[in-house]
There are 2 protein chains.
Amino acid sequence: MALYSEKMQAYQSLIEESLPKYLPATDTPWATTARAMAYACEGGGKRLRPVLMMAFADLCGGDAKSVLPFACALEMIHSSSLVHDDLPCMDNSPLRRGKPSVHVEFGEDMALLAGDSLLNRAYEVMLDPASAPEIPVDARLRAAFVIAQATGIDGMMGGQTMDLESEHKRIDAETLETLQRGKTAALLRAACAAGAILAGADDARVAAASDYGETLGLCFQIVDDLLDVTATAEQLGKPVGLDAGHDKATYVTLLGLTAAREMADRREQEAQRALDAFGEAAEELRRLTEQLLSRTC
Amino acid sequence: MALYSEKMQAYQSLIEESLPKYLPATDTPWATTARAMAYACEGGGKRLRPVLMMAFADLCGGDAKSVLPFACALEMIHSSSLVHDDLPCMDNSPLRRGKPSVHVEFGEDMALLAGDSLLNRAYEVMLDPASAPEIPVDARLRAAFVIAQATGIDGMMGGQTMDLESEHKRIDAETLETLQRGKTAALLRAACAAGAILAGADDARVAAASDYGETLGLCFQIVDDLLDVTATAEQLGKPVGLDAGHDKATYVTLLGLTAAREMADRREQEAQRALDAFGEAAEELRRLTEQLLSRTC
């Protein structure tokens with residue numbers, strides 16, 4: 001069964017088509033970094049964050065297509081974080097989605113610059129007066145601000161800091177949740193909130209979108225932790241038991257399998273409840289949530 | 001003789017005072033990165049970019065103080081680029097302004113995150129609706145866009161790419177100028193242009209501010225190259241002949257001492273001419289330009 005509905009598959013295709021348009025030209029004297037930026041954004045997984053942004057724009061009565069510049073910008077921020085995460089001084093990962101990491105392909109210096117340039121490019125795209133001109137400037141500014149806060153030190157980057165500092169250390173479940181709220185949930189929260197904001201939703205709906213994204217992000221991480229111990233390597237397409245091997249705290253090592261499963265269920269119900277604010281129209285998102293959280297790989 | 005007039009010294013003090021207010025709290029679980037960000041912004045040189053932004057806001061009839069959030073944001077972008085430039089995979093500099101570089105003091109991983117977080121923080125500050133609320137939203141958006149473009153791959157980051165790729169390679173004077181237009185001149189250009197934009201200047205004045213900043217940046221670099229061969233180590237407070245030792249193309253190695261001097265003079269006249277658009281009121285900036293470009297250290 002496909003993860004996305006037809007409508008969401010169409011969003012995903014639009015994102016794949018549009019991303020290259022927002023990336024820099026590669027016929028410049030700084031082509032190496034520009035090519036590394038494109039490489040980092042290629043063939044990239046589910047595109048969950050931009051798809052969610054478009055879905056929430058649609059859900060709030062906006063035109064999903066009109067938020068494409070912001071959706072692509074958010075995907076660039078996500079890609080930028082992966083490029084820097086893979087660097088030798090961070091996770092030192094030679095592979096990303098089965099391909100050589102950016103620093104393996106282009107060198108560490110170009111990977112550093114490509115990550116910086118992708119992060120910055122996201123703001124160039126969001127701030128460009130030619131991007132989404134049909135959306136009022138106040139909404140654009142507010143959406144960009146929500147994304148900036150979720151990305152920065154009090155969001156994703158704070159979570160990355162905690163992640164690095166918590167290796168080989170005993171942390172409790174509360175600390176792990178704070179870490180994940182930044183590292184994984186912040187950008188998902190911003191994706192949903194920005195979609196609603198750009199569609200002109202009222203504060204209650206923006207808050208519901210925001211809650212949904214954050215809870216989904218937290219739940220996502222618990223499911224990941226569960227799969228790391230319960231799935232087979234064949235199902236996951238990557239080695240299992242990686243977290244335990246890395247001496248990394250997970251919801252499973254901290255709470256045990258049963259309690260971690262219960263927590264995932266609780267979070268899923270919470271995410272579904274957040275969708276109540278959107279009534280019947282959220283049916284597709286309800287199904288997506290279910291599928292995302294019941295995955296076995 | 002002090003570099004800055006009393007008015008500009010007051011700008012500099014305001015920037016020193018204000019910067020910490022725009023940096024993140026350090027009583028969080030991600031304090032290490034937050035402390036590294038503050039360290040990177042401490043005791044930092046002339047603060048030329050934010051001072052110029054304030055000077056141009058004033059020159060265009062605006063309130064210099066009102067642009068402080070943008071001035072501090074630009075300084076954060078500059079600091080971010082220095083943190084990443086110093087990393088082992090880039091210039092591998094253990095020292096910055098006589099102090100251990102951020103990665104020496106906080107580790108490479110935290111330096112990487114501090115650079116990312118400072119760059120992103122600049123946008124958090126510029127996009128915050130509470131920043132400079134007295135300035136119309138369109139002007140804020142336009143100034144932030146100008147700064148984003150100057151920072152990114154088609155600006156400073158493109159120049160950094162060329163700089164890395166031109167080491168141990170023969171490049172011509174035209175290529176060196178393209179490199180410096182990005183690496184050094186782009187942020188100075190954006191500083192002056194943003195000051196004018198935020199003060200509500202007309203297009204002609206924004207263009208003149210922009211030209212001034214860019215020409216100053218290009219000239220600055222030629223003077224740097226000249227000093228590297230003509231100054232004594234005592235005057236510079238750092239070893240001389242570094243560029244030649246690094247097998248790096250400079251205006252002096254490419255053009256010779258006499259032609260490089262002539263080029264610096266020509267650029268200085270160009271920068272001064274750009275100030276003509278502002279009449280008598282630009283007298284302080286004229287003197288600053290003269291001092292900046294006649295420095296012997």
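Predicted model: local features only at pLDDT ≥ 70, side-chain atom pairs only at ≥ 80, totals over all residues.
Two copies of a chain are related by a rotation about an axis and a shift along it. Here, chain A is superposed on chain B by a rotation of 180 degrees, with 0.0 Å of shift along the axis and an RMSD of 0.0 Å. This relation is that of a two-fold axis. Within chain A, Asp116(A) has the C-alpha nearest the axis, at 3.4 Å from it. Both copies use the same surface, as 100% of the contact residues of chain A recur in chain B.

The contact between the chains involves 46 residues of chain A and 46 residues of chain B. On the side of chain A that touches chain B, two or more residues come from each of α2 (31-41), α6 (108-127), α7 (137-151), α8 (156-165) and α9 (173-198) of chain A. Of these elements, α6(A) gives the most, with 12 residues. Sorted by class, this side of chain A comprises 23 nonpolar, 14 polar and nine charged residues.

In chain B, Met53(B) lies in helix α3, which spans residues 48-59. Met53(B) has 37 other C-beta atoms within 10 Å; because the cut-off for a buried residue is 20 or more, Met53(B) counts as buried. Apart from neighbours within four places in sequence, the contacts of Met53(B) are Val67(B), Phe70(B), Ala71(B), Leu74(B), Ala191(B), Ala194(B) and Gly195(B). Asp91(B) is 38 residues from Met53(B) along the chain, and the C-alpha atoms of the two residues are separated by 28 Å.

Definitions and conventions:
Residues numbered from 1 in each chain as written. Chains lettered and ligands numbered in written order. Least-squares fit on C-alpha atoms with pLDDT ≥ 70 in both. Contact = placed C-beta atoms within 7 Å. Helix = DSSP H or I, 4+ residues; strand = E, 2+ residues; numbered from the N terminus. Nonpolar A, V, L, I, M, F, W, Y, C, P; charged D, E, K, R; others polar. Buried ≥ 20, exposed ≤ 12 C-beta atoms within 10 Å, placed from the backbone.
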